[in-house]
Amino acid sequence: MFANSTTWSLLADYTEEYAWFPEAASTFANDIDWLFWFISIVCLVFFIPIAGALFYFAVKYNKPKGEKAESNTSHNTPLELAWSIGPSFFLVGMFVLGAKSYLDHRTVPDGAYDVGVQAFKWGWTMDYGRGTFHPELHILLDEPTKLSMRSSDVIHSLYVPAFRAKKDIVPGRYNYMWFKPTVASTKVSDQRLQKAKTKMEGLGQGWDYDELQFTPDGYSFFDLYCTEYCGKNHSEMQTVVVVHETLDDLNAWIKKYSKRGPDVDPATYGEALYERRGCAGCHSVDGSKRVGPSFQESYGNQRPLANGESVLADENYIRESILYPKEKVVAGYQPAMPSYKGQLSDDDIYCLIEYLKTVSDYYTPEEPAAEEQASEDATVGADEVEPSEENEEGTDESVD
Amino acid sequence: MSTGSLPAGEIRDPGFPTRSENYLTNSKGILSWLFTLDHKRIGVMYLVGVVAAFAFAGVLALMIRLHLLQPEGALFKGAEANNQYNQVFTLHGAIMVFLFIIPSIPAALGNFLVPVMLGAKDVAFPRMNLSSFYLWVFGAIFFIGALFASGLDTGWTFYTPYSTTTDTSVILATTGAFILGFSSIFTGLNFIVTINTMRPPGMTWFRMPLFLWATYSTSIIQVLATPVLGITLLLLIAERTMHIGIFDPEFNGDPVTFQHFFWFYSHPAVYIMILPAFGVISDLISVHSHKRIFGYRFIAYSSIAIALLGFLVWGHHMFTAGMGSLTTIIFSALTFTVSVPSAIKVFNWLATMYKGSISLTTPMCYAISFIFLFTIGGLTGLHLGTLATDQHLHDTYFVVAHFHYVMVGGTLVAFLGGLFHWWPKMFGKLYSELGGRISCGIIFVGFNLTFLPQFVLGSRGMPRRYATYDPEFAFLHQMSTVGALLLGVGLLCALIVLLHSLFRGKRAPANPWGGATLEWHCTSPPPFYNFERAPIVGDPYDFTPVEWDAENDRYVTVEPEREIVPDKQPETAPAHASGDH
């Protein structure tokens with residue numbers, strides 16, 4: 001009984017628009033959905049008579065063996081010309097409508113809000129300028145947004161079903177796409193967000209977007225998929241799009257992720273970077289083998305390399321591996337990692353190294369007094385680096 | 001009419017072959033098969049091969065569907081789950097395309113039928129024909145080698161730079177595909193030469209059965225397009241081993257170039273897969289409706305038109321890859337033109353059924369299923385050919401559903417229909433009609449249940465080649481999996497019906513369906529020499545002299561009594577000399 005009613009409600013769902021399409025959240029969506037239905041109706045106009053005639057003839061002219069056909073007409077040229085040329089008008093219509101709306105969708109409006117997208121196996125890094133990177137795509141309501149996309153390894157494809165927009169990202173060149181979001185993300189209550197955060201921390205498996213349906217900042221989102229097959233975790237190469245209602249809200253969000261706050265501990269910030277910048281996709285912290293070596297056996301470990309040598313995984317080695325990952329590859333792994341040169345500030349790298357120390361089995365904190373000294377040194381060092389690092393980022397930006 | 005009363009006239013029926021005539025029994029031993037030059041035996045060996053490849057890739061398909069029963073993956077578990085899924089879908093695609101669909105109708109049915117339908121004793125180059133089969137076997141070995149070496153996870157399309165950087169057996173698999181390409185070229189070349197040069201007197205181009213027209217068009221594509229695939233795959237191997245810098249951006253190559261090369265073959269290859277199916281269906285619909293095919297010339301010309309236009313539309317596989325706007329729009333326009341000849345054929349088949357005398361035999365049931373499914377497959381191509389909607393649907397399940405409707409609902413169903421149609425001719429046995437029709441029914445329902453939900457999955461935004469997916473897609477995926485299992489049951493059912501007939505089937509008459517083409521003029525199975533002397537070629541779709549002989553459960557050709565030597569002696573004296581006037 002219960003199963004029955006579920007089935008019916010599921011069937012009833014298919015009378016609703018959302019059963020056929022994701023939410024229409026960009027200016028393209030209405031055009032494309034309209035054209036989709038237009039083509040579908042034309043198809044039905046042809047298909048229903050064809051299928052009807054097919055089954056009707058099969059029954060009507062079903063005769064016992066040996067009976068002769070009622071007619072043996074071999075051809076009828078006017079009729080054949082009619083059904084060859086007739087449908088072509090519909091085809092021309094579809095082609096013209098499709099091509100026109102395609103051209104509209106392709107021309108990027110001047111002054112569009114520009115976000116850099118870097119795709120890699122298997123994650124996304126969105127570049128908001130001035131050294132702010134984040135895997136989520138955050139954009140502004142009713143503002144044309146242009147994505148300048150590049151890939152550091154194989155071909156990927158960025159697809160936001162709610163925007164009806166898709167474009168391949170080909171290594172070795174930039175590809176561009178744009179859209180104008182028309183539906184803003186909503187924000188959940190702080191209470192609910194806090195509850196979810198506690199729950200997720202309890203589970204200890206990172207943020208579950210699918211289950212919660214809002215981001216760690218409490219925004220509802222649209223799915224963003226990779227649609228060009230790119231290897232092992234292709235199906236997990238997903239992120240989300242958040243559409244902010246006001247520029248202030250968007251800027252506040254960007255500021256939150258722009259750099260480490262003055263009162264944030266480097267290892268804690270390193271852990272956040274580990275989650276946010278795609279390290280977690282390939283490097284575990286519990287010793288399990290993924291695409292890259294686990295961080296549990298990284299810092300302070302003597303590592304055999306693919307070229308037969310071995311190296312002590314110290315600060316300099318880790319720094320080199322982040323910036324030039326193909327130089328010293330650990331034995332048993334492929335040189336699969338993209339370079340993070342120009343994408344992580346010195347402070348970011350310092351924080352990541354500090355985090356790696358906390359998860360490594362090979363790192364034993366030194367005597368408390370000495371450690372205090374060391375961390376003080378490091379903090380001072382980081383403070384010193386920051387201004388010049390910002391300059392460096394600035395020049396990087398202009399070069400890009 | 002079916003009272004057994006045949007109209008007066010000379011009844012023509014070749015009867016049954018003796019053991020020494022029958023091509024299956026005229027020589028014995030495994031070597032007589034392995035070294036045979038008889039096109040019929042080669043066709044049978046191909047049939048066994050492609051069915052085995054199909055069964056294997058079909059099991060892989062079921063594994064894919066079972067894995068997708070749950071959003072996080074139901075079949076493969078653990079850290080390597082995604083890798084295993086990727087390898088399974090890659091091998092499913094590669095084996096189905098290269099080892100099954102491409103050789104299915106042309107090589108298995110075509111080898112058996114082309115010379116017999118044409119009225120020839122064999123193909124033009126029998127040795128090349130045998131070597132084509134062995135190339136197929138070697139290609140298959142390479143594929144299986146890839147499977148057992150380190151797998152293959154590139155997708156059947158081998159897109160660069162993924163395929164130049166992955167550590168799986170790309171080289172083994174591409175070598176396999178390269179060899180299979182030659183197998184395909186050999187078959188195509190053989191058929192072109194055979195059809196051009198070996199037609200018996202009276203077999204004009206427009207007296208050829210439409211299956212031969214379709215085979216001829218297919219062969220043109222095989223000979224012209226397959227070399228491009230060979231070159232592309234060699235370049236891919238060179239890029240992987242020597243970094244020549246053509247496809248891999250790390251060495252200044254362009255990955256999109258590979259896509260252009262690859263689809264320049266693989267799009268025409270889609271027509272290698274579907275054109276022979278059109279030919280089979282044209283013959284099936286006409287024979288089982290016992291009515292002349294409607295618009296013979298339009299169907300014949302549209303096959304050639306598809307073969308030629310098919311070369312110009314490869315770009316529609318790259319609508320989102322970042323080609324220039326003008327190029328993209330031109331490819332979209334060309335894509336629409338190729339849909340016209342396909343539509344013509346559907347209308348012609350319907351017009352053939354109209355006012356016919358339809359026998360709902362197993363092959364006819366498959367042919368009707370084909371028209372239904374292929375029409376859906378063809379019409380949904382319009383959503384993908386239209387540029388704006390393609391931006392949304394490209395690389396989603398909508399595409400997966402579309403090409404499965406064409407390749408499975410089209411080619412596979414036509415292959416099965418053709419197999420049931422010519423099975424009595426190939427093996428001299430009749431199968432259970434009831435069993436055959438049940439298998440067709442299950443396949444029809446199972447197939448639609450598998451792939452109709454995938455259209456909706458696609459329009460809702462589910463990307464293809466995903467090992468795991470978002471929970472909101474689960475219900476439709478589960479429907480699809482149930483359908484796939486049902487489809488598997490249907491296919492198994494068809495196999496059992498056919499195998500059962502080999503052991504328990506009734507002996508087949510020469511003409512069990514009432515066909516008028518030449519293969520029905522020789523015994524079932526045909527003698528090893530096909531025809532003792534060049535056959536008398538009539539109209540392939542003239543069913544007026546074909547009559548049902550209820551007493552013997554067979555169709556026979558009845559010809560009016562002819563006096564070959566008149567009894568009466570002519571008068572010696574002229575009529576005016578008799579003096580009667």
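Reader: How many bridges join strand β5 of chain A to β8(A)?

Author: Strands of a sheet pair through backbone hydrogen bonds, either parallel or antiparallel. By the criterion used here, two strands pair if DSSP finds at least two bridges between them. Strand β5 (residues 145–151) of chain A is joined to β8(A) by five bridges, and the two run antiparallel. Within this pair, A:Met149 has A:Asn175 in β8(A) as its bridge partner. Helices (H or I, at least four residues) and strands (E, at least two) are DSSP runs, numbered from the N terminus.

Reader: On what conventions does this rest?

Author: This is a predicted model, in which local features need pLDDT of at least 70 and side-chain atom pairs count only at pLDDT 80 or more, whereas totals for chains, interfaces and linings use all residues. Residues are numbered from 1 along each chain as its sequence is written, and chains are lettered from A and ligands numbered from 1 in the order in which they are written.

Reader: In what order do the strands of the sheet with β5 of chain A lie?

Author: The order in chain A is β3-β2-β1-β5-β8, an open sheet of five strands with mixed pairing. Its edge strands, each pairing on one side only, are β3 (133–134) and β8 (175–179) of chain A.

Another open sheet of chain A has five strands in the order β4-β10-β9-β6-β7, and its pairing is mixed. Here β4 (137–140) and β7 (165–169) of chain A are the edge strands, each pairing on one side only. On average, neighbouring strands of this sheet are turned by 25° against each other, direction ignored. Strand β6 (residues 156–160) of chain A runs antiparallel to β7(A), with five bridges between them, and A:Val160 stands opposite A:Ala165 in β7(A).

Reader: Which strands does helix α6 of chain A lie across?

Author: Axes are lines fitted to C-alpha atoms, for helices over the stretch in contact, and angles run from 0 to 180 degrees between N-to-C directions. Helix α6 (residues 247–256) lies across β4 and β10 (238–244) of chain A, at about 155° to β4(A). Contact requires that the C-beta atoms of two residues, placed from the backbone, lie within 7 Å.

Reader: How do α8(B) and α10(B) lie relative to each other?

Author: Angles under 35 degrees count as roughly parallel. The axes of helix α8 (residues 255–289) of chain B and α10(B) come within 9 Å and cross at roughly 15°; α8(B) and α10(B) are therefore roughly parallel to each other. Residues of α8(B), including B:Phe278 and B:Ile281, meet residues of α10(B), among them B:Lys345 and B:Trp349.

Reader: How many residues of chain B are in contact with chain A?

Author: Contacts join 83 residues of chain B to 78 residues of chain A. On the chain B side, helix α10 (residues 325–353) contributes the largest share, 13 residues.

Reader: Are the faces of strand β4 of chain B covered or open?

Author: A residue is buried if 20 or more other C-beta atoms, placed from the backbone, lie within 10 Å of its own. Both faces of β4 (residues 546–549) of chain B are covered, with B:Val546 and B:Trp548 buried on one side and B:Glu547 and B:Asp549 buried on the other. Four bridges join β4(B) to the antiparallel strand β5 (residues 554–559) of chain B, where B:Arg554 stands opposite B:Asp549.

Key
Angles under 35 degrees count as roughly parallel, over 145 as roughly antiparallel, 65 to 115 as roughly perpendicular and the rest as oblique. A residue is buried if 20 or more other C-beta atoms lie within 10 Å of its own, exposed if 12 or fewer, and partly exposed in between; C-beta atoms are placed from the backbone.
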